[in-house]
Each structure stands twice: as structure tokens, then as C-alpha cells.
Amino acid sequence: MAAIMDESETWNRWHGTLQPTISITLHEAETDNSEQEAAAAQSLQDNSTLDLIIKTDPETPLEMDSNLRIGFIGAGNMAYGIAKGLLQSGDVPPTSVKVSAPSARNFVRFQELGVAVTHSNEEVIHSCNLVFVAVKPHLVAAVLGVITKYVTQKHIIVSVAAGVTLVTLEGLLPTGSVVLRLMPNLPCLVQQGALLFSRGTHAQPEDGALLRSLLQPCGLVEEGPEAWIDIHTGLSGSGVAFVYLFAEALAEGAVKMGMPSALAHSIAAQTVLGAGQLLRDSGKHPAQLRSEVCTPGGTTIFGLHAMEQGGVRAATMTAVEIATERARDLGRKPSHIATDNRK
Ligand SMILES: NC(=O)C1=CN([C@@H]2O[C@H](COP(=O)(O)OP(=O)(O)OC[C@H]3O[C@@H](n4cnc5c(N)ncnc54)[C@H](O)[C@@H]3O)[C@@H](O)[C@H]2O)C=CC1
Ligand SMILES: O=C(O)[C@@H]1CCC=N1
């Protein structure tokens, strides 16, 4: 289904009503983005009359408006993973993306993507209309506190911070701000992420459709109620680490039995990858696939018995539960988020 949104609020959000200020601010000798900045400014002027055609079918990528400018506040792993995915589609040119962080430590890999970098969060909010807030949860309140005066209803703010609720985010921003909460995971780095988002009070279905379309190259993207975001954090945001722990244990089992470590880790990674791909692509229940591996009286059922005796299933369920609860705790303690000084 296609709709031309030339009357809508969403259309106005990036169709010339927000005039980005592309300032060339060099804070450190090694960050010279002047050519990228000039190209971005030029492309903005050249394309200011293009229409945004938005298709709401999640399988069909949106045709991106060339006035869309995407910002990241925070230049860490998650920002990089999402930025890499966004650029992968080819619909978003690197000159339309800008990233900010206080230190230049992580800038190089963004610059390698052709993305502009700055130490000014204000610059990102001035020059971008869709901004990902990708700092650690305890920094969200401080970061939004500084940029809030520049946030307009023409912006779309997308937070990836674990636990920080839509109510908290909306409370830190001007009334009527368009806010979405997204929980990605680290495999966005290789376009195999699992992402779930929820729309805030003032985010329209078109805003969700746009975000979904932008993020499609990052992996599986779903929209759901906010209550599921914390669960997804336990299942998938943190779940990636649970899988790594399992992969490490698999490899160490092989090392214990005499296999060289490098080979064991390489085979463990491929085993996790292959098992995951088959699980996803076959659409079968994991128990079905498990039974397909088990020969009666064979090796697998002996191993599975040992795993059940070790409580792997219960431990994994508890890990998802406790990580979900931790995300909920973070959401219930906005003052803790604002004042905690970690990192
Ligand atoms: N790493 C993961 O697997 C996942 C992380 N998340 C969420 O993503 C967010 C970012 O996490 P990571 O990328 O892992 O963290 P990270 O530590 O890799 O990156 C954080 C970035 O924020 C920057 N930063 C610090 N203070 C800042 C400030 N005042 N203004 C602008 N930038 C500032 C840091 O320099 C760094 O570039 C967190 O809120 C986390 O909950 C969500 C899902 C998965
Ligand atoms: O551990 C964390 O808090 C973040 C959120 C999900 C993955 N990493």
C-alpha cells in the first residue's frame, strides 16, 4: 500500500520545514569533516522539493526523502551497528548521517563509513530530524536535559537505552515530542540484529513505518507494546551474551576433550550460526529440531541429559527473567539513571 503524505505532520517533519544548520565545527585535529558537511549541505539544497512517498508495507522499503538527516548521540557499539545497517540499504547516503560523542575514541570507524562526526550533541539535534539517543541509560537524562531546548515537533527521537521508558523520555523532552523506544542488539553489526520498537504518545504509525524501513537492513524489526521492550531486552539485547556464554562453554568442552582452542571456537561459532539459521528459516519449534538430532541411544541424548541435570534450561529462563527485571528496575528509577556516574 502506498500513500503520498504531502498533507501530514510526518511529511512536514523532514520536508523543508526543519532547516538543518550544518555547521563545520572541528574540535580535534583529526576530525576534519568539512567536505562531508559541505556535500550534505549542498544535497539538502538540491533536493529540497522532493516528495516523500511512504509505503506502509513493512516488507517494502520506504522511498526515503532526501531531506531526512539521521543523527546519533553516542558513538558506541549500538550506534555503529545501527548506522552500518542504515547505510547498507543504500537509501541513506553517509552524508545524511552525523554522530556525536565527547571523545574521538570511536569516531574512526564512523568516518570510515563516510559519516560526519562532532563533539556537539546540539549540532546533531540542529542538523538532523531523526535522532537516535545511543548513550548508556544513566546518561540519558543529562543528555536530553541539554538538547531539549532544541527539540521541536519536527524531530523524531529514538532512544535505544535499556530500561528508559517512553514516559521518562517524553517527560525529559518538550510536550508533544515524537519519541520512539527501540531495543536493538549487537548483531546489528552484521545485519543480523533482532530489534523491537514502541511508539510514544505522539509518534504516528507513519513514524513507526519509517523507522522500521530504515532499520530493515539491520535484521528482524518488529513493533510491539512497550511492555515487551524490557522482555526483548532480556531475550535478545542481553540474550546475545547468553548465547556467547553457551558458545564459549561448547568450545571449552571440546578443548577439555583435546581439540585445539582456535579450531574449537571456530566450530562453536559456526555451530551456533548454523543452528540459529536453521531454527529461523525452517520455522520449526526448537524441540522438533532437537529431536531430529537425537538418535535413540546416541550421543546427543546423552549430552542433553547432562545439560538438563546441570539445569541449563532453568538457568537460561532465569537469566531472561532477571535481565527483564533489571530493565524494569532501570525504568522505575529515573533519578538513579540521571545521577549514576558509571562510565
Ligand atoms: N551494547 C548492546 O548490546 C546494547 C546496548 N543497548 C543500549 O545502547 C546504549 C548504548 O550502548 P553501547 O553502544 O553498548 O555503549 P557504548 O559505551 O559502546 O557507547 C556509548 C557512547 O556514548 C558516548 N557518550 C558518553 N557520554 C556522552 C554524552 N554526554 N553525549 C554523547 N555521547 C556520549 C560514549 O563516548 C560512547 O561513544 C545503551 O543505552 C544500552 O542500554 C541496547 C541494546 C543492546
Ligand atoms: O546490558 C545492557 O544493559 C545492554 C542492554 C541490552 C544489552 N546490553
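Helices are DSSP runs of H or I with at least four residues, strands are E runs of at least two, and both are numbered from the N terminus. On that basis I get 15 helices and 10 strands in the protein chain.

**Ground rules.** I'm working on a predicted model, where local features need pLDDT of at least 70, side-chain atom pairs count only at pLDDT 80 or more, and totals for chains, interfaces and linings use all residues. Residues are numbered from 1 along each chain as its sequence is written, chains are lettered from A and ligands numbered from 1 in the order in which they are written, and side-chain values use heavy atoms, with hydrogens and water left out.

**Whole chain.** I looked up burial, where buried means under 20% relative accessible area, exposed means over 50% and partly exposed is in between (1.4 Å probe, protein chains only). Of the 343 residues in the protein chain, 43% count as buried. Accessible areas come from the Shrake-Rupley method with a 1.4 Å probe, and for residues only the protein chains shown count as cover. The accessible surface of the chain comes to about 17000 Å², and carbon and sulfur atoms hold 59% of that. Next I checked contacts, meaning heavy atoms within 4.5 Å. Among contacts with a separation of 6 or more, 68% are between residues 24 or more positions apart.

**The sheet.** Strands of a sheet pair through backbone hydrogen bonds, either parallel or antiparallel. Here two strands count as paired if DSSP finds at least two bridges between them. I traced an open sheet of 8 strands with mixed pairing, in the order β5-β4-β3-β6-β7-β8-β9-β10. Its edge strands are β5 (116–118) and β10 (219–223), each pairing on one side only. From one strand to the next, the twist averages 20°; for angles, axes are lines fitted to C-alpha atoms, for helices over the stretch in contact, and values run from 0 to 180 degrees between N-to-C directions.

I then zoomed in on β6 (residues 130–133) and β7 (residues 156–159), which pair in the parallel sense over 4 bridges. V131 stands opposite I157 in β7. Is β7 buried or exposed on its faces? Both faces are covered, with I156 and V158 buried on one side and I157 and S159 buried on the other.

**Helices on the sheet.** Helix α8 (residues 205–215) lies across β3 (70–73), β6, β7, β8 (178–183), β9 (193–199) and β10, and runs at about 165° to β9. Helix α9 (residues 227–237) lies across β8 and β9, at about 170° to β9. I listed the buried residues of α9 as I229, D230, H232, T233, G234 and S236. They pack against β8, β9, α10 (239–256) and α14 (312–332).

**Ligand 2.** I counted a residue as near the ligand if one of its heavy atoms lies within 4 Å of it. Which residues are around ligand 2? I found A162, T233, G237 and S238. The protein covers 46% of the 240 Å² of accessible area that ligand 2 has on its own. For classes, Ala, Val, Leu, Ile, Met, Phe, Trp, Tyr, Cys and Pro are nonpolar, Asp, Glu, Lys and Arg are charged, and the others, Gly among them, are polar. That gives a shell of 1 nonpolar, 3 polar and no charged residues.

**Single residues.** I looked at V221, in strand β10. V221 counts as buried because its relative accessibility is 3%. Leaving out residues up to four places away in sequence, V221 touches L195, F197, R212, L215 and Q216.

P217 is in the loop between α8 and β10. Why does P217 count as buried? Its relative accessibility is 17%. Beyond its neighbours within four places in sequence, P217 is in contact with G85, Q88, S89 and Q191. I followed up on Q191, which is in the loop between β8 and β9. The phi of Q191 is near 60°, a positive value in a residue other than glycine.

Last, I checked N121 in helix α5 (residues 121–127). N121 is buried, with a relative accessible area of 19%. Not counting residues up to four places away in sequence, N121 touches I73, S100, V143 and I147.
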